[in-house]
Number of protein chains: 6
Amino acid sequence: MIGQSGIAIRSITRADPTALAQLAQFGVATVHEAMGRSGLLASYMRPIYPGAKVCGTAVTIFAHPGDNWMLHVAAELLQPGDVAILGTSAENTDGMFGELLATSFRARGARGLIIDAGCRDTAELHAMKFPVWSKAVHSKGTVKATVGSVNTPIVCAGALVNPGDVVIGDDDGVVIVPKLRAAAVAAAAAAREAKEMATRKRLAAGELGLDLYGMREPLAKAGLKYFSDETALQQEPRK
Amino acid sequence: MIGQSGIAIRSITRADPTALAQLAQFGVATVHEAMGRSGLLASYMRPIYPGAKVCGTAVTIFAHPGDNWMLHVAAELLQPGDVAILGTSAENTDGMFGELLATSFRARGARGLIIDAGCRDTAELHAMKFPVWSKAVHSKGTVKATVGSVNTPIVCAGALVNPGDVVIGDDDGVVIVPKLRAAAVAAAAAAREAKEMATRKRLAAGELGLDLYGMREPLAKAGLKYFSDETALQQEPRK
Amino acid sequence: MIGQSGIAIRSITRADPTALAQLAQFGVATVHEAMGRSGLLASYMRPIYPGAKVCGTAVTIFAHPGDNWMLHVAAELLQPGDVAILGTSAENTDGMFGELLATSFRARGARGLIIDAGCRDTAELHAMKFPVWSKAVHSKGTVKATVGSVNTPIVCAGALVNPGDVVIGDDDGVVIVPKLRAAAVAAAAAAREAKEMATRKRLAAGELGLDLYGMREPLAKAGLKYFSDETALQQEPRK
Amino acid sequence: MIGQSGIAIRSITRADPTALAQLAQFGVATVHEAMGRSGLLASYMRPIYPGAKVCGTAVTIFAHPGDNWMLHVAAELLQPGDVAILGTSAENTDGMFGELLATSFRARGARGLIIDAGCRDTAELHAMKFPVWSKAVHSKGTVKATVGSVNTPIVCAGALVNPGDVVIGDDDGVVIVPKLRAAAVAAAAAAREAKEMATRKRLAAGELGLDLYGMREPLAKAGLKYFSDETALQQEPRK
Amino acid sequence: MIGQSGIAIRSITRADPTALAQLAQFGVATVHEAMGRSGLLASYMRPIYPGAKVCGTAVTIFAHPGDNWMLHVAAELLQPGDVAILGTSAENTDGMFGELLATSFRARGARGLIIDAGCRDTAELHAMKFPVWSKAVHSKGTVKATVGSVNTPIVCAGALVNPGDVVIGDDDGVVIVPKLRAAAVAAAAAAREAKEMATRKRLAAGELGLDLYGMREPLAKAGLKYFSDETALQQEPRK
Amino acid sequence: MIGQSGIAIRSITRADPTALAQLAQFGVATVHEAMGRSGLLASYMRPIYPGAKVCGTAVTIFAHPGDNWMLHVAAELLQPGDVAILGTSAENTDGMFGELLATSFRARGARGLIIDAGCRDTAELHAMKFPVWSKAVHSKGTVKATVGSVNTPIVCAGALVNPGDVVIGDDDGVVIVPKLRAAAVAAAAAAREAKEMATRKRLAAGELGLDLYGMREPLAKAGLKYFSDETALQQEPRK
């Protein structure tokens, strides 16, 4: 159904609100690790201003290059707490989204936008504190000529997103948590953070990761050899 | 005459100052739309600091890769209110411009620089509030060996620029307004902004673009179908 | 020896501390020019926050894509005043470094990191004021499976770095000063800055680089011709 | 389940063999159009030699950057007529696949490989006529350290691929046909080709698309104006 | 007038046919040098098959991303010996052109296409020997929704093209010769080739460019020093 | 000494001729593996025609962007069996090398060129069978204004190259073998090829890498689980 045009789903199953609230406390890197190192969008997706942060429910948009019609369709289907997320049928950097649409999205209760295309009016969006992660900042205007879909599964910046999934964005990028895994991932993220708290204290005190994580033996087994000084480099090269 | 080297034009026809002052009030996206969605530089042209803004008259520079000689030639020909804009004969990211040239440009009354190459001393330029849009930030120094031209038509980041055109830059990028169209574009931009003011108010109140712009019927005609819930996605796929 | 895995050198020869302290006063562009326009890393290496600045001694790390094991090995070998600098055996943008490793590095006295790969936890690193220059910001986690080397010569973003070299980073990028040249380069940079101080004053007063640098005659010799106005462009094109 | 590691599915549902055989007769562009302009991989996926062509059933592989372990796991699960298709958990161009693996794949009956990473031994693969579409050609070797999955849904070069889908590749790139749509798409592609045959004949005879497709009226409505000659360009610019 | 939509010019001034025939004998590099190193399109414009070669008169097309409507408008205005050349209003890689349009273009007498976007049906175009230079090969289909222009000045891959200019393409890329300069450039190219013929013979006989071009003295003046062997590299570094 | 301009070394130490002759028998991927997965140039370095192959001794060239003067200096220092290899002081794609220089290089006995910049006259070079690996094909001409160096250590496409090292190029890219390691690497490559010969035979017979390399147990330990069919994917997701 991915990539099919002409479909708008009015009512979607959303992730558990408690799990969503818990996930909102963690950063993208932590959640990604808690999911077994999965769920990330590509690194070209960047926030339009530093410090942008969002956590909410995915309302998915499938659009065609240079055409922002479906963002207007999505506006009606957004509910408070939602994050709009847009994938395209071909690579595009046109400025599909700006301050007028953000005004409309905010009025509907949306928390932000993830767009695998361009964004414009970035100064105004920053002033409004409406967070957007995009592939490009570009003023190029768009047409309203071809229909796509809303609330069907999409691929956005290399990640599969189903409507109702949890979307988390911060300065490090964007991660998607499948709605069925939200509670489990929130628990794993909490456990990870608790463990890191202790680790952080020991590292700050000067303890080495080599000892803390027990790396010395595996490193030696994997072939790491220590030399006292650079004269080692002048020796006969090893294969 | 594009791409010819060895020419420096002392006196150029500039855009109407009233039109230029009017255009200075609008953002890049608005002006681009008011021109019928034309005039933009490529999206890789980015301000060296957030909040940079410029509007002025183009003094055009044609330079060769790794050679910033013509920026010195341009300095003499810059007048108060001008914006220097540089295109190259081949792709280049060397740091052709820095704080010393900015000091000179400012002393001549220039308002900023658009450079389809690299820029350096960005911290100092930010401190001076001398706005620059560039393709890259790079410290690579340049030579003074090959002449280009000043005040001939150039291509900069995919856009044609004639000397005397209006150059507008902000966080969303850069747009060029041909000097003969400056007054008409300023009027169109003002009309657009007035109209958007009303639209913004209605969108902020929760009204939908779908209704405001009368999109429901054209969307249905173009094939958009609404489904109450996700069970639609489990049905037999439509072609 | 470049590109050999399995080597960790404990003790390296460092640049002269006086020269290093002198070099810390200059920007990347100035030092690069003082070295005869050499030593720069590629322009894709960007600071993770504006205003980042570092000057210190290179502890070099050679790592494999998607594997941050050697950063832990490096932590033990870092001394106060060092800057870790990492090259990889193949292009990679995974987030090899984050806030926990920065905590460890800081506890060892390290001043920052240059990494030809990805970085994550950028908001936390900014809050800690731990400066990092990286190729990408990405949350992608890494494994600890393959050994590389520490304190062997590396290539980082197109530049050769020997352990003990001086590493300088600022908003304009990163430059490497070979340790044996540190004092000479510091002297040359100081001379350049002194000269530029005088130049800056004259340019700010409106004097032209054309006159200050004696460019008018060489420009004429190189074929630059001045025309009073744009009618020159309508004439028969010159070859 | 996308992005989960540690899963290998032995038996998958494949597309209908008749539909698959029909689809093998059409090019990528035709099939993509017949699917309503969907299903394409990104344009960076290129065949390693001109004239490469494949059509078969997807055996999907999810791998980590710089690690080709799962290609060996996949080899066992490939059946005659299958095409292996690999997505990664982060951007990577390492040479995960070469002539030895191709020998193994061919022995299992596989028809080719689509890999969102690098490929090597391209001269040997060309000589063997084993078709591969890849993101890069690079000799960089890989490790066998982290498990991914085989026959779970993957994202490859921006497209969702389910095990058992139809994969078609030619000089124009790669398209994925969901297995449930295979018969319908084959029929639509056949209809499209039949129609194009007639169109081609008329165009070859000099008839214009403008007339054949009835475009003159819509173009005029959309604002296209004809002018007899270039003097139109000297007139007052229109908004 | 660049970037204005809605204009189609029926009759354009073409370059002198004799000059065009002469220019057809030279390669892109030679013509570019004969124009004083100008006129090149960006290096990302590549022929879709090796050995492609074209020389003809530019019929210019201005199109919007993902919309190939204007190629049909252009078909009617193409005359025998013309080369269609297309620029876009924003970056785009969609497959705007394929075998059906090529059939139509050939029926009108067109010699080839230069397109700052994508091309598809490349195997068929190769079989037809219809030469195309494009930014990408991609199957992505396009719509016919927004009008652009035909035979107005355009920017294509960084170069300004006026209708009627000479377009030359080969394995090295594409160069544009302004129609008024065609005869002068053809003469300069012929002179250059004659001179290179003699040079080639002397170089083939083992004579050095250093002597042939009298470079030894300027090199010494510019600071080149010869050393008998590598011990020079161990000496105290020079500033 | 890397990056220093103004040095030309007449006589360099070359790799052992026997080792060089042995290395000429192996492909780039094999040699790279035999060196412990090191020595590769970046994947953007591509042969200008398929089937290009070279093995020879590095004569290194350090050049500035847009300036090919040092290629003429290198011509004199090339000896039969040498391969010229050029690194630049900043990113550049200008066409620094063409058919005339190739004629001169061939007359001196050079076997090919590796250039981290652009190349032109590619059709002529193909016809001459003069192999070149480059970053770009571009006709852009260059100047002769700034001296670089010949036969000093350089960085080319991310790899360190010392004069006299062995350079091997084929369809898979380029690898550098340090001259002191040439014999050892040749031996390791031969051993690798012998071992692969046996492996190839067994894989061709349908034996699996899983068994041949004993991967089943390590895969299970690393967490890989087999499921009989896709119903596994509908189960409760595992962390």
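Reader: Before anything else, what is a salt bridge here?
Author: A salt bridge is a side-chain nitrogen of Lys or Arg within 4 Å of a carboxyl oxygen of Asp or Glu. Please note that this model is predicted.

Reader: And how many salt bridges does the structure hold?
Author: Over all chains, there are 72 salt bridges. One of them joins B:Glu91 to B:Lys135, with the closest N and O atoms 3.4 Å apart.

Reader: Where do B:Glu91 and B:Lys135 sit in the chain?
Author: B:Glu91 belongs to the loop between β4 (82–88) and β5 (95–97) of chain B, and B:Lys135 to strand β7 (residues 132–137). The two are 44 residues apart, and the pair links distant parts of the chain. B:Glu91 is partly exposed, at 44% relative accessible area. B:Lys135 is also partly exposed, at 21%.

Reader: What about E:Arg14, which residue does it pair with?
Author: E:Arg14 forms a salt bridge with E:Asp82, and their closest N and O atoms are 2.5 Å apart. E:Arg14 is in the loop between β1 (7–11) and α1 (17–23) of chain E, whereas E:Asp82 is in strand β4 (residues 82–88), so the bridge ties together parts 68 residues apart in sequence.

Reader: Is E:Asp82 buried or exposed?
Author: E:Asp82 is buried, because its relative accessible area is 1% and buried means under 20%.

Reader: Changing topic: how can chain B be laid on chain E?
Author: A turn of 180 degrees with a shift of 0.0 Å along the axis does it, giving an RMSD of 0.0 Å. The two copies are therefore related as by a two-fold rotation axis.

Reader: Which C-alpha of chain B is nearest the axis?
Author: That of B:Gly158, 2.5 Å from the axis.

Conventions. Residues numbered from 1 in each chain as written. Chains lettered and ligands numbered in written order. Predicted model: local features only at pLDDT ≥ 70, side-chain atom pairs only at ≥ 80, totals over all residues. Heavy atoms only, no water. Least-squares fit on C-alpha atoms with pLDDT ≥ 70 in both. Helix = DSSP H or I, 4+ residues; strand = E, 2+ residues; numbered from the N terminus. Buried < 20%, exposed > 50% of the residue type's maximum accessible area, 1.4 Å probe, protein only.
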